[in-house]
Amino acid sequence: MKNPIQLSPKEMINAYMLFFVVHGAQIGVGIQGFQRIIYQEARQDAWISVLLACIATHIVAFCMIKTLEIYGSNDLYGIQQDIYGKWMGNFLNAMYVFYCFVAFFSVLRNYIEVIQAWIFPSIGTWFLSATLLIIIIYAFTGGLRVIVGVSFFSVILSLWIIPMLAFPLKYSSVDSLFPILENDIRSILKGAHSMTFTIIGFEILNVFYPFVKDKKNIRKPVHLGLLFSTFIYLSVMLVSITYYSEGKLVKTIWATLTLFSFISFPFIERFEFVAVCFWMLIIIPNLCLYLWAAYRGVIRLVNIRGTTFVWIFSCFVFIATLIIQTRTQINTINTIFGHTAFYVVFVYPILLWLLAILKKNFRLKKVQKNEQT
């Protein structure tokens, strides 16, 4: 099935940029406090859960690439239309657009909560939501290359945060990691499952693929991007386990940001304020990529201009941020979305790959049969 949407050469990107796209999409608000949720399940073996979850991303990415290679220059939306037919395919496309909407909202609402909890407790949700949405709208209207550029600078300009993890290491104890594998495999796997909300984002590859110039070279940058994310998540988890006592880590909501609160310089006393503000640069790629992925799905369903879509989309998100206000509501959304995302990101791509193979074999047999007759 050919891609019904013609792509301009100006919209195409080089394969190596997928390293920044994949990594930028994975690192977001989840890393600010993912340790507590995983530690509740796997205790000192939580770092093993992180490692297993990251390995799973490589397996799923492999299946995604295999599926996309079967269809050449098509994206997830076109593949679903081909495999399931027009009506069922469009229904699934609409569901994926809704998934992108909820992902966008979850990232935005969680970051707003962090700003209100750490820096500006009295500032209104509506003001923060409107401000961030205007920034995202501006980036989106610049086109795909601007969004990819934002991802590039987000990764490069945030590298300085990684060495800051060395400060808590002065007060860490390696003994907190032992005994290794004390918890049963079920607890470790449950911990890995809890990583879903934190580690998703790389599924954006399903929509980005048609826009890559040298498609034969995408494997290396994609897996390197995932590997770099693995390094960061694993490093943060190991530092957190060795730094916090068992009881404190379970009670700390934003463990990563709390690590930064112990860092101080002669010219910066509250370093965590800098980290929270700078985190906006990290989440902007998340928001831009999910918004762009939703737009690619919507134009498969209806004829709509990009500017019209982004304003309608932003209005719905703005209203949702005003409705979801309490910590309990935000946690409920995160939990439901995390469970849904597990099947969308880690289960469905494998199933889709198998269906694509069956469809391909069926077509080959049909062609061979026609040639014989």
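Me: How much space lies in the largest pocket?
Reply: The largest pocket holds about 600 Å³ of space. A pocket here is an open set of points on a 1 Å grid over the protein atoms alone, with protein on both sides within 12 Å along at least five of seven lines. Its volume is the space filled by probe spheres set on the points, which are joined across faces, edges and corners. The model is predicted, so local features need pLDDT of at least 70 and side-chain atom pairs count only at pLDDT 80 or more, while totals for chains, interfaces and linings use all residues. Residues are numbered from 1 along each chain as its sequence is written, and side-chain values use heavy atoms, with hydrogens and water left out.

Me: Which residues are closest to its centre?
Reply: Of the 26 lining residues, those closest to the centre of the largest pocket are Ile-37, Ser-194, Phe-197, Asn-334 and Thr-335. A lining residue has an atom within 4 Å of a point.

Me: Which helix gives the most to that lining?
Reply: H17 does, with 6 residues. Helices H2 (34-42), H5 (86-118), H9 (185-194), H10 (196-199) and H17 (327-372) each supply at least two residues. Helices are DSSP runs (H or I, at least four residues), numbered from the N terminus.

Me: And how does the lining of the largest pocket divide by class?
Reply: There are 7 nonpolar, 14 polar and 5 charged residues. Ala, Val, Leu, Ile, Met, Phe, Trp, Tyr, Cys and Pro count as nonpolar, Asp, Glu, Lys and Arg as charged, and the others, Gly among them, as polar.

Me: What about the second largest pocket?
Reply: The second largest pocket contains about 320 Å³ of space. Its lining has 13 residues, with Met-95, Tyr-96, Tyr-99, Thr-340 and Val-344 nearest the centre. H5 and H17 are the elements that give two or more residues to this lining. By class, the lining has 11 nonpolar, 2 polar and no charged residues.

Me: Changing topic, at what angle do H2 and H9 pack?
Reply: They pack at about 165°, with their axes 7 Å apart. Axes are lines fitted to C-alpha atoms, for helices over the stretch in contact, and angles run from 0 to 180 degrees between N-to-C directions. H2 and H9 are therefore roughly antiparallel, a label for angles over 145 degrees.

Me: Which residues make that contact?
Reply: H2 contributes Ile-37, Ile-38, Glu-41 and Ala-42, and H9 contributes Ser-187, Ile-188, Lys-190, Gly-191 and Ser-194. Contact means heavy atoms within 4.5 Å. The contact has 4 nonpolar, 3 polar and 2 charged residues.

Me: How many cavities of 30 Å³ or more are there?
Reply: The structure holds 3 of them. A cavity is a set of grid points where a 1.4 Å probe fits but cannot get out. The largest cavity has a volume of about 230 Å³. Of its 19 lining residues, Ile-27, Ser-158, Ile-162, Ile-232 and Ile-282 are closest to the centre.

Me: Which helix gives the most there?
Reply: H12 gives the most to the lining of the largest cavity, with 4 residues. That lining divides into 13 nonpolar, 6 polar and no charged residues.

Me: And the second largest cavity, what is its volume?
Reply: Its volume is about 100 Å³. The second largest cavity is lined by 14 residues, and those closest to its centre are Val-107, Phe-197, Thr-198, Ile-200 and Asn-286.

Terms used:
Angles under 35 degrees count as roughly parallel, over 145 as roughly antiparallel, 65 to 115 as roughly perpendicular and the rest as oblique.
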